[in-house]
Amino acid sequence: MSEPYRHKKQLGQHFLHERGVVDRIIAALDPRPGDRIVEIGPGAGALTLPLLRRHGELTAIEFDRDLVGPLAAAAASLGTLHIVQADVLTVDFAALAADGPLRLVGNLPYNISSPILFHVLDHAPHVIDMHFMLQKEVVERMAAAPGSKVYGRLSVMLQAYCAVTALFRVPPGAFSPPPKVDSAVVRLVPRPDGDIGIVDRTLFARLVRDAFGQRRKTLRNALSNLCSSEHIEAAGVDPGTRAEQLAVADFVRLCNALAS
Ligand code: SAM
């Protein structure tokens, strides 16, 4: 870029400058010939350009119009970069996957990382896997096990639909400007539809939201708008426990019992 670029804080613009971190993300992604890779938030291309050099073709979704021209110019000699200038929350990943399922990658804007995760989950059947950089605390919540202080709605919703693996931490100094928080890279692999076993996904989302809405309450109280203690017991779950003690499989069993 000819002039120094003014980072837009409201778009979560913290650009990676540590080549070692870029290399680790690409190694974790391990692109294979024919993979349809889609990057969310390419920014100035810290990940995009090395990935393009290695893989030859890539789609990148960027909201900031000011970045699109310079990115296209930088990519021109490296391979075929399809830039979608759009808010990722409006992107129809099913349409992008018309020719085959996608592999998603991105150093996400942290201010909207949960909405992005939920949007992508809605398109999970079209996604092979995802490698995302996020705020470290968010990755800890995503990967948390029952009984942990940070186990909550995000953990259950993501783990119900995906295998979640926290990969490695990244310090603020790897970015320019540095964020105030530590970061981490996570891998999400959507489970095959048949393995999920949730019969009513809308009910599941509501059940999990209500259960963790007041996490100090017992399930009996937290779910009183949705079902009775008898319903909970009939699903083999103790109504006197709290949501944070319940495994993902218990939530699925409870949801399916309620749905029937
Ligand atoms: N990938 C680059 C890197 O690692 O240096 C940039 C990462 S920066 C943390 C997040 C990027 O997401 C920025 O380029 C920002 O403009 C873009 N972005 C923010 N909100 C977005 C949205 N709603 N849709 C698509 N891109 C968005």
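How far is a nitrogen atom of the ligand from a polar backbone atom of Pro 42? The separation is 3.4 Å, which falls under the definition of a polar contact (a pair of N or O atoms within 3.5 Å). The model is predicted, so local features need pLDDT of at least 70 and side-chain atom pairs count only at pLDDT 80 or more, while totals for chains, interfaces and linings use all residues. Residues are numbered from 1 along each chain as its sequence is written, and side-chain values use heavy atoms, with hydrogens and water left out.

A backbone N or O atom of Val 88 lies 2.9 Å from a ligand nitrogen atom, and for Phe 63 the corresponding distance is 3.3 Å. The protein covers 97% of the 600 Å² of accessible area that the ligand has on its own, with areas taken from the Shrake-Rupley method and a 1.4 Å probe.

The ligand sits in the largest pocket. A pocket is here an open set of points, on a 1 Å grid over the protein atoms alone, where a 1.4 Å probe fits and protein lies on both sides within 12 Å along at least five of seven lines; a molecule sits in a pocket if more than half of its atoms lie within 2 Å of the grid points. Strand S1 (15–16) and strand S3 (57–62) are the elements that give two or more residues to the shell around the ligand; strands are DSSP runs of E with at least two residues, and helices are runs of H or I with at least four.

The shell consists of 23 residues, of which Gln 13, Leu 16, Gly 41, Glu 62 and Asn 107 come nearest; a residue is near if one of its heavy atoms lies within 4 Å. By class, the shell holds 13 nonpolar, 6 polar and 4 charged residues.

Elsewhere, the whole structure contains 3 aromatic pairs, that is, rings with centres within 6.5 Å. One of them, Tyr 151 with Phe 212, is edge-to-face (planes over 60 degrees apart), at 6.0 Å centre to centre and 80 degrees between the planes. Because Tyr 151 lies in the loop between helix H6 (136–143) and helix H7 (153–161) and Phe 212 in helix H9 (residues 201–213), the pair ties together parts 61 residues apart in sequence.

Two backbone features remain. The peptide bond from Ser 176 to Pro 177 is cis, with omega near -10 degrees.

Key: A polar contact is a pair of N or O atoms within 3.5 Å; within protein, one must be able to donate a hydrogen and the other to accept it, and residues adjacent in sequence count only if both atoms are side-chain atoms. On a 1 Å grid over the protein atoms alone, a cavity is a set of points where a 1.4 Å probe fits but cannot get out, and a pocket is an open set with protein on both sides within 12 Å along at least five of seven lines; lining residues have an atom within 4 Å of a point. Ala, Val, Leu, Ile, Met, Phe, Trp, Tyr, Cys and Pro count as nonpolar, Asp, Glu, Lys and Arg as charged, and the others, Gly among them, as polar. Rings of Phe, Tyr and Trp (its six-membered ring) pair if their centres lie within 6.5 Å; planes under 30 degrees apart count as stacked, over 60 as edge-to-face and the rest as tilted.
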